[in-house]
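My entries follow the display.

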Amino acid sequence: MKILIVDDSRVMRQIVVRTLRQAGYAGHDLVEASNGREGLEAVTTHQPNLVLSDWNMPEMTGIDLLQALRAGGQAVPFGFVTSEGSPDMVTRAEQAGAMFVITKPFTPESFRDALEPVLG
Amino acid sequence: LSALAELRPDDIRAVSADVWSAYLEGHAAEDCPDPTCPETLTPLAAPVAPSAEVVRAAVDILGPCRGVVVLELEPATAHAAAVRMLGDEPAELTDVDDAVGELVNMVGGNLKSLLPQSCSLGLPVVVRGGGSAPEARELCRVDFAWQGHPLRVMVWGHPAPVPPEPKEARP
(Lines give C-alpha, C1' and ligand atoms only; values in the text may rest on other atoms or scores of the structure.)
Protein backbone atom coordinates (compact mmCIF):
# COMPACT_ATOMS: atom_id res chain seq x y z
CA MET A 1 0.00 0.00 0.00
CA LYS A 2 1.11 3.55 -0.67
CA ILE A 3 0.45 6.41 1.78
CA LEU A 4 0.80 10.09 0.84
CA ILE A 5 1.68 12.41 3.77
CA VAL A 6 0.91 16.09 3.13
CA ASP A 7 2.22 18.61 5.69
CA ASP A 8 4.17 21.84 5.33
CA SER A 9 6.30 20.90 8.35
CA ARG A 10 9.17 18.49 7.60
CA VAL A 11 9.44 17.80 11.32
CA MET A 12 5.76 16.83 11.51
CA ARG A 13 6.04 14.62 8.40
CA GLN A 14 8.88 12.84 10.16
CA ILE A 15 6.75 12.40 13.30
CA VAL A 16 3.89 11.01 11.18
CA VAL A 17 6.28 8.54 9.50
CA ARG A 18 7.62 7.47 12.91
CA THR A 19 4.11 7.13 14.35
CA LEU A 20 2.98 5.01 11.38
CA ARG A 21 5.91 2.69 12.11
CA GLN A 22 5.04 2.58 15.84
CA ALA A 23 1.40 1.86 14.97
CA GLY A 24 2.44 -1.21 12.99
CA TYR A 25 2.37 0.20 9.45
CA ALA A 26 6.11 0.00 8.79
CA GLY A 27 5.95 -1.91 5.53
CA HIS A 28 4.01 0.65 3.52
CA ASP A 29 5.41 2.81 0.75
CA LEU A 30 5.44 6.45 1.94
CA VAL A 31 5.34 9.54 -0.27
CA GLU A 32 5.55 13.13 1.04
CA ALA A 33 4.26 16.52 -0.13
CA SER A 34 4.67 19.89 1.56
CA ASN A 35 1.36 21.58 0.71
CA GLY A 36 -2.01 20.91 -0.85
CA ARG A 37 -0.93 21.80 -4.38
CA GLU A 38 2.01 19.39 -4.22
CA GLY A 39 -0.33 16.84 -2.67
CA LEU A 40 -2.74 17.16 -5.61
CA GLU A 41 0.09 16.52 -8.06
CA ALA A 42 1.38 13.63 -5.94
CA VAL A 43 -2.02 11.90 -6.00
CA THR A 44 -1.97 11.97 -9.80
CA THR A 45 1.66 10.86 -9.99
CA HIS A 46 1.74 8.21 -7.27
CA GLN A 47 -1.89 7.01 -7.05
CA PRO A 48 -1.72 6.45 -3.26
CA ASN A 49 -4.10 4.16 -1.36
CA LEU A 50 -4.47 6.71 1.45
CA VAL A 51 -3.82 10.44 1.92
CA LEU A 52 -2.94 11.81 5.39
CA SER A 53 -3.08 15.59 5.24
CA ASP A 54 -2.59 18.58 7.50
CA TRP A 55 -5.33 21.21 7.38
CA ASN A 56 -3.52 24.57 7.55
CA MET A 57 -0.84 24.87 4.88
CA PRO A 58 0.43 27.60 2.56
CA GLU A 59 -0.37 27.46 -1.18
CA MET A 60 -3.36 25.12 -0.73
CA THR A 61 -5.02 23.98 2.49
CA GLY A 62 -5.91 20.39 3.26
CA ILE A 63 -9.66 20.98 2.88
CA ASP A 64 -9.07 22.64 -0.51
CA LEU A 65 -6.96 19.63 -1.50
CA LEU A 66 -9.74 17.23 -0.51
CA GLN A 67 -12.38 19.24 -2.35
CA ALA A 68 -10.15 19.43 -5.46
CA LEU A 69 -9.61 15.66 -5.37
CA ARG A 70 -13.32 14.91 -5.08
CA ALA A 71 -14.20 17.49 -7.76
CA GLY A 72 -11.73 15.73 -10.06
CA GLY A 73 -13.33 12.34 -9.42
CA GLN A 74 -10.57 11.06 -7.12
CA ALA A 75 -12.09 8.83 -4.43
CA VAL A 76 -8.80 8.03 -2.66
CA PRO A 77 -9.36 7.50 1.10
CA PHE A 78 -8.45 10.75 2.84
CA GLY A 79 -7.85 11.61 6.49
CA PHE A 80 -6.75 14.77 8.26
CA VAL A 81 -3.89 14.94 10.77
CA THR A 82 -4.32 18.38 12.25
CA SER A 83 -4.25 20.51 15.37
CA GLU A 84 -7.71 21.77 14.33
CA GLY A 85 -9.94 19.26 16.08
CA SER A 86 -12.98 21.37 16.89
CA PRO A 87 -16.37 19.74 16.25
CA ASP A 88 -17.29 22.16 13.45
CA MET A 89 -14.06 21.39 11.59
CA VAL A 90 -14.59 17.65 11.99
CA THR A 91 -18.09 18.08 10.54
CA ARG A 92 -16.69 20.14 7.67
CA ALA A 93 -14.04 17.49 6.99
CA GLU A 94 -16.57 14.66 6.98
CA GLN A 95 -18.97 16.58 4.73
CA ALA A 96 -16.11 17.06 2.25
CA GLY A 97 -15.47 13.32 2.22
CA ALA A 98 -12.75 12.76 4.85
CA MET A 99 -12.82 9.35 6.52
CA PHE A 100 -11.35 10.58 9.81
CA VAL A 101 -9.68 13.43 11.63
CA ILE A 102 -6.65 12.67 13.82
CA THR A 103 -5.92 15.53 16.19
CA LYS A 104 -2.35 16.60 17.01
CA PRO A 105 -0.84 15.67 19.38
CA PHE A 106 -1.54 12.07 18.40
CA THR A 107 -0.41 8.65 19.55
CA PRO A 108 0.26 5.38 17.72
CA GLU A 109 -3.05 4.17 19.19
CA SER A 110 -5.02 7.02 17.61
CA PHE A 111 -3.35 6.21 14.27
CA ARG A 112 -4.25 2.53 14.62
CA ASP A 113 -7.88 3.33 15.45
CA ALA A 114 -8.25 5.62 12.42
CA LEU A 115 -6.24 3.60 9.89
CA GLU A 116 -7.39 0.08 10.74
CA PRO A 117 -10.57 0.30 8.60
CA VAL A 118 -8.51 1.51 5.61
CA LEU A 119 -5.27 -0.44 5.83
CA GLY A 120 -6.42 -3.46 7.84
CA LEU B 1 -11.98 41.61 24.32
CA SER B 2 -12.67 38.31 22.61
CA ALA B 3 -13.50 34.88 24.05
CA LEU B 4 -9.74 34.33 24.32
CA ALA B 5 -9.98 36.13 27.66
CA GLU B 6 -11.86 33.06 28.96
CA LEU B 7 -8.77 30.87 28.63
CA ARG B 8 -7.17 30.09 31.98
CA PRO B 9 -3.64 29.07 33.01
CA ASP B 10 -4.97 25.54 33.64
CA ASP B 11 -5.99 25.34 29.97
CA ILE B 12 -2.47 26.28 28.89
CA ARG B 13 -0.96 23.81 31.36
CA ALA B 14 -3.15 20.91 30.20
CA VAL B 15 -2.73 21.52 26.46
CA SER B 16 1.04 22.12 26.72
CA ALA B 17 1.48 19.00 28.87
CA ASP B 18 -0.31 16.91 26.21
CA VAL B 19 1.97 18.21 23.46
CA TRP B 20 5.16 17.76 25.47
CA SER B 21 4.11 14.33 26.64
CA ALA B 22 3.48 13.18 23.05
CA TYR B 23 6.62 14.47 21.38
CA LEU B 24 9.18 15.83 23.81
CA GLU B 25 9.28 13.91 27.05
CA GLY B 26 9.59 10.43 25.59
CA HIS B 27 11.09 7.49 27.42
CA ALA B 28 13.36 9.80 29.39
CA ALA B 29 10.36 10.96 31.45
CA GLU B 30 9.12 7.39 31.92
CA ASP B 31 12.53 6.47 33.32
CA CYS B 32 12.32 9.41 35.67
CA PRO B 33 8.81 9.45 37.24
CA ASP B 34 9.67 12.17 39.75
CA PRO B 35 7.44 15.19 38.97
CA THR B 36 10.53 17.39 39.16
CA CYS B 37 12.25 15.33 36.44
CA PRO B 38 13.89 17.79 34.04
CA GLU B 39 12.36 15.92 31.07
CA THR B 40 8.83 16.69 32.30
CA LEU B 41 7.28 20.01 31.34
CA THR B 42 6.98 21.57 34.78
CA PRO B 43 4.96 24.72 35.54
CA LEU B 44 6.93 27.30 37.52
CA ALA B 45 5.36 29.25 40.36
CA ALA B 46 7.47 32.33 39.69
CA PRO B 47 8.08 33.78 36.22
CA VAL B 48 11.61 33.60 34.89
CA ALA B 49 13.03 36.54 32.97
CA PRO B 50 13.32 35.61 29.29
CA SER B 51 16.70 35.38 27.66
CA ALA B 52 17.66 38.31 25.45
CA GLU B 53 18.01 35.87 22.55
CA VAL B 54 14.57 34.38 22.97
CA VAL B 55 13.02 32.37 20.12
CA ARG B 56 9.38 33.32 19.75
CA ALA B 57 6.88 31.17 17.87
CA ALA B 58 3.43 32.64 17.39
CA VAL B 59 0.20 31.59 15.74
CA ASP B 60 -2.78 33.84 15.14
CA ILE B 61 -6.28 32.90 16.16
CA LEU B 62 -8.59 34.53 13.65
CA GLY B 63 -12.27 35.31 13.58
CA PRO B 64 -14.38 36.48 16.51
CA CYS B 65 -11.74 35.32 19.04
CA ARG B 66 -8.91 37.38 17.61
CA GLY B 67 -5.53 36.97 19.29
CA VAL B 68 -2.18 35.23 19.30
CA VAL B 69 -0.79 32.15 21.04
CA VAL B 70 2.92 32.57 21.73
CA LEU B 71 5.68 30.18 22.77
CA GLU B 72 8.95 31.72 23.98
CA LEU B 73 12.04 29.68 24.69
CA GLU B 74 15.81 29.96 24.58
CA PRO B 75 17.66 28.98 21.39
CA ALA B 76 19.30 25.94 23.06
CA THR B 77 15.91 24.74 24.32
CA ALA B 78 14.38 25.24 20.88
CA HIS B 79 17.21 23.19 19.37
CA ALA B 80 16.76 20.41 21.95
CA ALA B 81 13.04 20.31 21.16
CA ALA B 82 13.72 20.00 17.42
CA VAL B 83 16.23 17.17 17.96
CA ARG B 84 13.71 15.31 20.11
CA MET B 85 10.87 15.82 17.60
CA LEU B 86 13.10 14.54 14.78
CA GLY B 87 13.70 11.32 16.72
CA ASP B 88 17.10 12.39 18.09
CA GLU B 89 18.45 13.30 14.66
CA PRO B 90 20.55 16.45 14.11
CA ALA B 91 18.48 19.61 13.57
CA GLU B 92 19.39 22.49 11.24
CA LEU B 93 18.20 26.02 11.98
CA THR B 94 15.26 25.59 9.58
CA ASP B 95 14.28 22.41 11.44
CA VAL B 96 14.38 24.31 14.74
CA ASP B 97 12.05 27.01 13.39
CA ASP B 98 9.83 24.32 11.87
CA ALA B 99 9.69 22.38 15.17
CA VAL B 100 8.85 25.32 17.44
CA GLY B 101 6.31 26.50 14.84
CA GLU B 102 4.64 23.08 15.05
CA LEU B 103 4.68 23.22 18.85
CA VAL B 104 2.86 26.55 18.98
CA ASN B 105 0.56 25.37 16.19
CA MET B 106 -0.51 22.36 18.28
CA VAL B 107 -0.86 24.38 21.49
CA GLY B 108 -2.78 27.12 19.64
CA GLY B 109 -5.02 24.65 17.80
CA ASN B 110 -5.97 22.84 20.98
CA LEU B 111 -6.56 26.08 22.91
CA LYS B 112 -8.74 27.30 20.04
CA SER B 113 -10.80 24.12 20.32
CA LEU B 114 -11.70 25.10 23.90
CA LEU B 115 -13.27 28.38 22.80
CA PRO B 116 -17.05 28.63 22.51
CA GLN B 117 -16.91 30.51 19.22
CA SER B 118 -15.88 29.11 15.87
CA CYS B 119 -12.49 30.58 14.99
CA SER B 120 -9.65 29.62 12.67
CA LEU B 121 -5.91 29.28 13.05
CA GLY B 122 -3.25 31.12 11.05
CA LEU B 123 0.12 29.74 10.02
CA PRO B 124 2.86 29.78 12.67
CA VAL B 125 5.57 32.44 12.53
CA VAL B 126 8.95 32.16 14.26
CA VAL B 127 11.14 35.14 15.11
CA ARG B 128 14.37 35.45 17.07
CA GLY B 129 15.10 38.26 19.47
CA GLY B 130 11.60 38.85 20.85
CA GLY B 131 10.07 42.31 20.72
CA SER B 132 6.48 43.06 21.48
CA ALA B 133 3.40 42.56 19.40
CA PRO B 134 1.75 45.78 18.33
CA GLU B 135 -1.71 46.34 19.77
CA ALA B 136 -1.61 43.03 21.66
CA ARG B 137 -1.89 42.61 25.39
CA GLU B 138 -1.15 39.56 27.47
CA LEU B 139 -4.29 37.76 28.65
CA CYS B 140 -2.80 34.63 30.14
CA ARG B 141 0.65 33.15 30.65
CA VAL B 142 2.24 30.05 32.13
CA ASP B 143 5.96 29.78 32.82
CA PHE B 144 7.43 26.29 32.54
CA ALA B 145 10.77 24.55 32.86
CA TRP B 146 11.88 21.79 30.51
CA GLN B 147 15.31 20.17 30.62
CA GLY B 148 16.23 22.70 33.29
CA HIS B 149 15.51 25.73 31.07
CA PRO B 150 12.62 28.20 31.25
CA LEU B 151 10.01 28.61 28.56
CA ARG B 152 6.63 30.28 28.53
CA VAL B 153 3.31 29.96 26.74
CA MET B 154 1.17 33.06 26.45
CA VAL B 155 -2.14 34.12 25.01
CA TRP B 156 -2.26 37.64 23.69
CA GLY B 157 -5.51 39.34 22.81
CA HIS B 158 -6.09 41.97 20.18
CA PRO B 159 -8.71 44.52 21.09
CA ALA B 160 -11.92 44.07 19.16
CA PRO B 161 -11.89 46.20 16.03
CA VAL B 162 -13.50 49.56 16.62
CA PRO B 163 -16.26 50.23 14.11
CA PRO B 164 -15.71 53.41 12.10
CA GLU B 165 -17.61 56.38 13.36
CA PRO B 166 -20.58 57.21 11.16
CA LYS B 167 -19.81 60.05 8.82
CA GLU B 168 -21.84 63.15 9.35
CA ALA B 169 -24.52 63.56 6.79
CA ARG B 170 -23.65 66.26 4.35
CA PRO B 171 -26.14 69.02 4.11
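The notes below go from chain A to chain B.

**Conventions.** I worked from a predicted model, where local features need pLDDT of at least 70, side-chain atom pairs count only at pLDDT 80 or more, and totals for chains, interfaces and linings use all residues. Residues are numbered from 1 along each chain as its sequence is written, chains are lettered from A and ligands numbered from 1 in the order in which they are written, and side-chain values use heavy atoms, leaving out hydrogens and water.

**Sheet, chain A.** I took helices (H or I, at least four residues) and strands (E, at least two) as DSSP runs, numbered from the N terminus. Two strands pair if DSSP finds at least two bridges between them. I found 5 strands in an open, parallel sheet, ordered β2-β1-β3-β4-β5 in chain A. β2 (29–33) and β5 (100–103) of chain A are the edge strands; each has a single partner strand, so one side of each lacks a neighbour in the sheet. Neighbouring strands are turned by 20° against each other on average, direction ignored. Axes here are lines fitted to C-alpha atoms, for helices over the stretch in contact, with angles from 0 to 180 degrees between N-to-C directions.

I then checked β4 (residues 78–82) of chain A, which pairs with β5(A) in the parallel sense over 4 bridges. Thr82(A) sits opposite Thr103(A) of β5(A). Helix α3 (residues 62–71) of chain A lies across β1 (2–6), β3 (50–53) and β4 of chain A, at about 175° to β4(A).

**Leu4(A).** This residue is in strand β1 of chain A. Is Leu4(A) buried or exposed? Its relative accessibility is 1%, so Leu4(A) counts as buried. Buried means under 20% relative accessible area, exposed over 50%, partly exposed in between (1.4 Å probe, protein chains only). Beyond four places in sequence, Leu4(A) touches residues including Val31(A), Ala42(A) and Leu52(A); contact means heavy atoms within 4.5 Å.

**Cysteines, chain B.** I counted 1 disulfide over all chains, defined as a pair of cysteine sulfur atoms within 2.5 Å. Cys65(B) and Cys119(B) form it, with sulfur atoms 1.5 Å apart. The link is right-handed, with 80° about the S-S bond. Cys65(B) is in the loop between β2 (55–62) and β3 (67–73) of chain B, and Cys119(B), 54 residues away, in the loop between α3 (93–112) and β4 (120–121) of chain B. Both Cys65(B) and Cys119(B) are buried.

Cys140(B) stands opposite Val155(B) in β7(B).
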